[in-house]
Amino acid sequence: MEYVEKKKTRIDDVKRTLMILAASLIMAVNLKSFVRAGGLIPGGFNGLTRLLQETSLLFFGVEPPFSVINFVLNAVPAVLSFRFIGKKFTGYSCLMIVLSSILTDVAPAFSVTTDILLVSVFGGLLNAVAISICLFAGGTSGGTDFIAIFLSEKFGIDSWNYIFAGNVVILVIAGMLFGWEKALYSIIFQFASTQVLQTLYKRYQKQTLLIVTQKPEEVYEAIAEITHHDATLIKGVGCYRKKECNILYSVVGRDEVRKVLNCVKETDPLAFVNTIRTEGLAGRFYQRPND
């Protein structure tokens, strides 16, 4: 049994590593062929790195390597992640940072299109795809993602507004130094990336479930086994048949909804389920830990 578990772990590690390699390659190609070609300054530490590169080139005539700046910027967030979030999670994240940074320096640049609007939209899309693959592999692209996940998991702080404010500062500086047109197109890049990322990766989004069922205990046990979340049993009366009914109220992660719905259907084929997007949540909520 122990041998089987170790084998599954090794296979899982190989899959995760391959996903990180793919994400790093997509990120590097995007930075060289879309971001650099359009003169854009994306958000996060990649954007800050590009801003420092462009500023150095403007004032000193020297463009320092992308990898060196990115490594320095990510050093402190990586230490925090290693101590407080998860060792494997940090390891895969550092692998992503190292590979994407080095590939960005050595990969040849080629122009896909000269239309800066297309560059902004499709560059943002590729950026979201790369970050999503990295997140599905159990890592992150580093920088502000480290900070956001650390604050969210350890203190329950929604830090995305602060990160957005930091990105605004970066774009304002870029606009003052290199022109407001590129800064505005960078906002389009960031908006496209954020929208696609929210669609692809749903771990930190919540969904409310209202389940009308004749088998509340069995359905609750199924939900608890899959998600480790609790539920509240509400007694009600059906308005049409005037019969008593059981309503289970629970909140789960949006990435868990499909598995829960399938399990509820198997447990009680006659159950009626209403899913509601949860905009805000206060109180204790189990979050699957990063490894």
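Buried here means under 20% relative accessible area, and by that count 40% of the 291 residues of the protein chain are buried.

**Figure 1. The whole chain at a glance.** This is a predicted model, so please read each view below with that in mind. The protein chain has 10 helices and four strands, arranged along the sequence as α-α-α-α-α-α-α-α-β-α-β-β-α-β. Its C-alpha trace spans about 80 × 50 × 35 Å along the principal axes. Among contacts between residues at least 6 apart in sequence, 76% join residues at least 24 apart.

**Figure 2. The largest nonpolar core.** This core holds 19 residues, and those touching the most other members are Ile-20, Met-27, Leu-31, Val-35, Leu-40, Met-96 and Cys-134. Helices H1 (2-38), H4 (87-106) and H5 (116-136) each supply at least two residues of the core.

**Figure 3. A close look around Leu-40.** Beyond its neighbours within four places in sequence, Leu-40 is in contact with Val-35, Arg-50, Ile-116, Val-119, Ser-120, Lys-182, Tyr-185, Ser-186 and Phe-189. Elsewhere, a second, separate core of 11 residues includes Ala-231, Val-257, Val-260 and Val-264.

**Figure 4. Helix H9 against helix H10.** The axes of H9 (residues 216-227) and H10 (residues 257-267) come within 9 Å and cross at roughly 150°, which means that H9 is roughly antiparallel to H10. The crossing of H9 past H10 is right-handed. On the H9 side you will find Glu-218, Val-219, Ala-222, Ile-223, Ile-226 and Thr-227, meeting Lys-259, Val-260, Cys-263, Val-264 and Thr-267 of H10. The residues of this contact divide into seven nonpolar, two polar and two charged.

Terms used
Residues are numbered from 1 along each chain as its sequence is written. This is a predicted model: local features need pLDDT of at least 70, side-chain atom pairs count only at pLDDT 80 or more; totals for chains, interfaces and linings use all residues. Side-chain values use heavy atoms; hydrogens and water are left out. Axes are lines fitted to C-alpha atoms, for helices over the stretch in contact, and angles run from 0 to 180 degrees between N-to-C directions. Angles under 35 degrees count as roughly parallel, over 145 as roughly antiparallel, 65 to 115 as roughly perpendicular and the rest as oblique. A crossing is left-handed if the near helix is turned anticlockwise from the far one by less than a right angle, and right-handed if clockwise. Contact means heavy atoms within 4.5 Å. Ala, Val, Leu, Ile, Met, Phe, Trp, Tyr, Cys and Pro count as nonpolar, Asp, Glu, Lys and Arg as charged, and the others, Gly among them, as polar. A nonpolar core is a set of buried Ala, Val, Leu, Ile, Met, Phe, Trp, Tyr and Cys residues joined through side-chain atoms within 4.5 Å. Buried means under 20% relative accessible area, exposed over 50%, partly exposed in between (1.4 Å probe, protein chains only).
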